[in-house]
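Here is a short tour of the bonds and contacts that link parts of this structure. Have the model open beside you as you read.

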Amino acid sequence: DAKTTQPPSMDCAEGRAANLPCNHSTISGNEYVYWYRQIHSQGPQYIIHGLKNNETNEMASLIITEDRKSSTLILPHATLRDTAVYYCIVRVKTSGSRLTFGEGTQLTVNP
Amino acid sequence: EPEVTQTPSHQVTQMGQEVILRCVPISNHLYFYWYRQILGQKVEFLVSFYNNEISEKSEIFDDQFSVERPDGSNFTLKIRSTKLEDSAMYFCASRDSGGAGNEQFFGPGTRLTVL
């Protein structure tokens, strides 16, 4: 799996968009970008994934650069409950494979 | 919405004792996982299980660990002789047979404390 780099921490005001960056310059053509989050000691929660097109679901949007070397997870209207550690994981989309979690970004949403 | 459940939420045991952590994955899922997270550290993969056998395991998953799917619903992690360093949160996860991607759904975890 390709290595990812994320800032260790970020702050965001409640109601504003939270933009979480991830660098994955060694990503290969068959690797997807996955985002998970972990709210204080709870189990990690899947957010979104993508290959090269931008993706949106009810939780977030994922913007992947054209060269696929970086991506941004966008929470359009952050709430206090979005305070969590966000993990960017790059991996091949094969069945059964492990998830390798890095340090992630601690996002703190402030009132 | 279906979810992964785990019991107990907190287990306290003495060093050297055996513990069994239980998980009920989402009912139509076919792939099952255990991860652990030592306090203040990263989430670490332990083992994956598919078609009634281990499909992948990490270097952490040594002979002290075993997994089992004793019936059609439960998935268990057994630690035969617990050590102090086994104290951690243990997360069970499951996913379906394919389709959209590698979304794994995690349970709330069991906090294991070894004294």
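Arg98(A) and Glu56(B) form a salt bridge, with their closest N and O atoms 2.8 Å apart. (A salt bridge here is a side-chain nitrogen of Lys or Arg within 4 Å of a carboxyl oxygen of Asp or Glu.) The pair crosses between chains, running from strand 6 of chain B, where Glu56(B) sits, to the loop between strand 8 and strand 9 (105-110) of chain A, which holds Arg98(A). Strands are DSSP runs of E with at least two residues, numbered from the N terminus. Glu56(B) is partly exposed at 26% relative accessible area, and Arg98(A) is also partly exposed, at 23%. For these labels, buried means under 20% relative accessible area, exposed means over 50%, and partly exposed lies in between (1.4 Å probe, protein chains only).

A word on conventions: this is a predicted model, in which local features need pLDDT of at least 70 and side-chain atom pairs count only at pLDDT 80 or more, while totals for chains, interfaces and linings use all residues. Residues are numbered from 1 along each chain as its sequence is written, chains are lettered from A and ligands numbered from 1 in the order in which they are written, and side-chain values use heavy atoms, leaving out hydrogens and water.

**The interface**

How many salt bridges are found across the interface of chain B and chain A? The rule finds one. Around it, 25 residues of chain B are in contact with 21 residues of chain A, contact meaning heavy atoms within 4.5 Å. About 1800 Å² is buried between the two chains, and carbon and sulfur atoms give 50% of that; this is the accessible area (1.4 Å probe) that the two parts lose on being put together, summed over both. On the chain B side, strand 4 (31-37), strand 5 (43-50), strand 6 (53-57) and strand 9 each supply at least two residues. Strand 4 of chain B gives the most, with four residues.

**Salt bridges within the chains**

Over all chains, the structure holds three salt bridges. One of them pairs Asp82(A) with Arg37(A), again with closest N and O atoms 2.8 Å apart. Asp82(A) lies in the loop between strand 7 (70-75) and strand 8 of chain A and Arg37(A) in strand 3 (residues 31-38), so this bridge ties together parts 45 residues apart in sequence. Both residues are buried. In chain B, the side chains of Arg36(B) and Glu44(B) meet at 3.2 Å, N to O. Arg36(B) is buried at 10%, whereas Glu44(B) is partly exposed at 24%.

**Disulfides**

A search of the whole structure finds two disulfides, each defined as a pair of cysteine sulfur atoms within 2.5 Å.

| Disulfide | S to S | Torsion about S-S |
|---|---|---|
| Cys22(A) to Cys88(A) | 2.1 Å | about -80° |
| Cys23(B) to Cys92(B) | 1.9 Å | -65° |

With that torsion, the chain A link is left-handed. Cys22(A) is in strand 2 (residues 18-23) and Cys88(A) in strand 8 (residues 84-92), so the pair ties together parts 66 residues apart in sequence. The chain B link is left-handed as well, joining strand 3 (residues 19-24) to strand 9 (residues 88-95) across 69 residues. Cys23(B) is buried at 1% and Cys92(B) is buried at 0%.
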